[in-house]
Amino acid sequence: MAARQRAASVPEDPDRGAVDRARRGDLDTFDELVRRYQHRIVNFVRTQVPRAVDPEDVAQEVFLRAWRGLKTFRGQSTFKTWLYQVATNTARTHFARHSRRQEEPAGTLAEEGPDSPPPAVSPEDVEADVIRRDRIDHALAALPADQREIVVLRDVEGFEYKEIAELLAIPIGTVESRLFRARAKLRRLLRA
Amino acid sequence: MTTNCETLEPLLARAAEAPDAWPLDDGERARLSAHLTSCESCRDALAAQTEVRALLAARPALDASSAFRVRVRQALEPEAGRAPSLAELLDFRRWTWRLVPVAAAMVVATAIGLATPLAETDADVVAMTEAAAELPVAAALYSTNVTDESLLALMLTASADDRLGAVPGEAR
């Protein structure tokens, strides 16, 4: 009965077939999963690691960990949720590693905090999209990691509250509270 | 914001996601609506939540470069062809599930063995005794029914071809 209830609570996973084949060592199928999620993972990682860190380096590590960890993936969530869990953990590792090197307190990307100016934009970077994204990412970098993860997962990546709670292993109420505070702080930073 | 306002933060966060149709249940909607009529701070907070959500939703995405997928593939290929490391072999999660059928078979075999006595009827005992009688005399060395004197006599007088059943002195 409990198993049926658990099975019923997991949404239909469009990647299930590919994951089952990849789990058996089919690299071509895993390559297809990389194709499906590469842009999203690189984009997500960009919001979670310091600017000095190449997001594609971290994203490559995410997929490497996912390949190695496929055999332990039991399908109790969708593959997408599980992949983002791997991405979140990988980003945290890089964040902590970078913090130790910079000798900054953990939690914020302090070298890009609110007291430091926004990153210089070269004359070539005149595209409005780049400028707008950089401005937002600069503000995101000033948030505590737990708030930054949640606000990006909800407002940028479009995860449901329940998925975020599952991904981060926290109650839905905590997701809502941290989301509120993250947005409130971002508003102050973006208007500063 | 007052303590009462803080308790409404989750509702404000949700309401900001659909300003024209708050994704709240009836009770939550009524509670929030009533509070906003008298709390300017929360009205400002709701506006801030809505503004930031819209900004983030419109954030231009950063795409992976055209070379990204190739570099991931190149990094994975040595992984795909290699044998599992010692750490991976010792990872209980890899082999525990594969032992489940083995464990189940052992449980079944044990249950069958415990449920099946060695000899259930007198006929079985007689059959076993008759079979024992055909054993060579050397089998007496392994019998607990033979006294030391009988065993000595047996060894001194019987030949190797004699059967237990034909030799006097062997207790049945």
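Guide: The expected span of a helix is 1.5 Å times one less than its number of residues. Helices (H or I, at least four residues) and strands (E, at least two) are DSSP runs, numbered from the N terminus. This is a predicted model, where local features need pLDDT of at least 70, side-chain atom pairs count only at pLDDT 80 or more, and totals for chains, interfaces and linings use all residues. Residues are numbered from 1 along each chain as its sequence is written, with chains lettered from A and ligands numbered from 1 in the order in which they are written.

Visitor: How many helices and strands does chain A have?
Guide: The elements of chain A run α-α-α-α-α-α-α-α-α from the N terminus. The count is nine helices and zero strands.

Visitor: What distance does α9(A) reach from its first C-alpha to its last?
Guide: α9(A) has 20 residues. At 1.5 Å a residue, 28 Å is expected. The model comes close to that, at 29 Å.

Visitor: Against which elements do the buried residues of α9(A) pack?
Guide: A residue is buried if 20 or more other C-beta atoms lie within 10 Å of its own, exposed if 12 or fewer, and partly exposed in between; C-beta atoms are placed from the backbone. Buried positions in α9(A) include A:V175, A:L179, A:F180 and A:L186, and also the charged residues A:E176 and A:K185. Their partners come from both chains: α6 (128-141), α7 and α8 (161-168) of chain A, with α2 and α4 of chain B.

Visitor: Are α7(A) and α9(A) roughly parallel or roughly perpendicular?
Guide: Axes are lines fitted to C-alpha atoms, for helices over the stretch in contact, and angles run from 0 to 180 degrees between N-to-C directions. Under 35 degrees is roughly parallel, over 145 roughly antiparallel, 65 to 115 roughly perpendicular, and the rest oblique. Helix α7 (145-156) of chain A packs on α9 (172-191) of chain A at about 95°, with axes 8 Å apart. The pair is therefore roughly perpendicular.

Visitor: Which element gives the largest share of the side of chain B that touches chain A?
Guide: 33 residues of chain B contact 37 residues of chain A. By class, the chain B side has 18 nonpolar, two polar and 13 charged residues. Ten residues, the largest share, come from α5(B).

Visitor: With which residues is A:A87 in contact, leaving aside neighbours within four places in sequence?
Guide: A nonpolar core is a set of buried Ala, Val, Leu, Ile, Met, Phe, Trp, Tyr and Cys residues joined through C-beta atoms within 7 Å. The largest has 62 residues, and A:A87 and B:L12 are among those that touch the most other members. The contacts of A:A87 are A:I41, A:F44, A:V45 and A:V62.

Visitor: Is A:F95 buried or exposed?
Guide: A:F95 sits in helix α5 (79-102) of chain A. A:F95 touches A:V49 and A:A145, not counting residues up to four places away in sequence. With 21 C-beta neighbours inside 10 Å, A:F95 is buried.

Definitions and conventions. Two residues are in contact if their C-beta atoms, placed from the backbone, lie within 7 Å.
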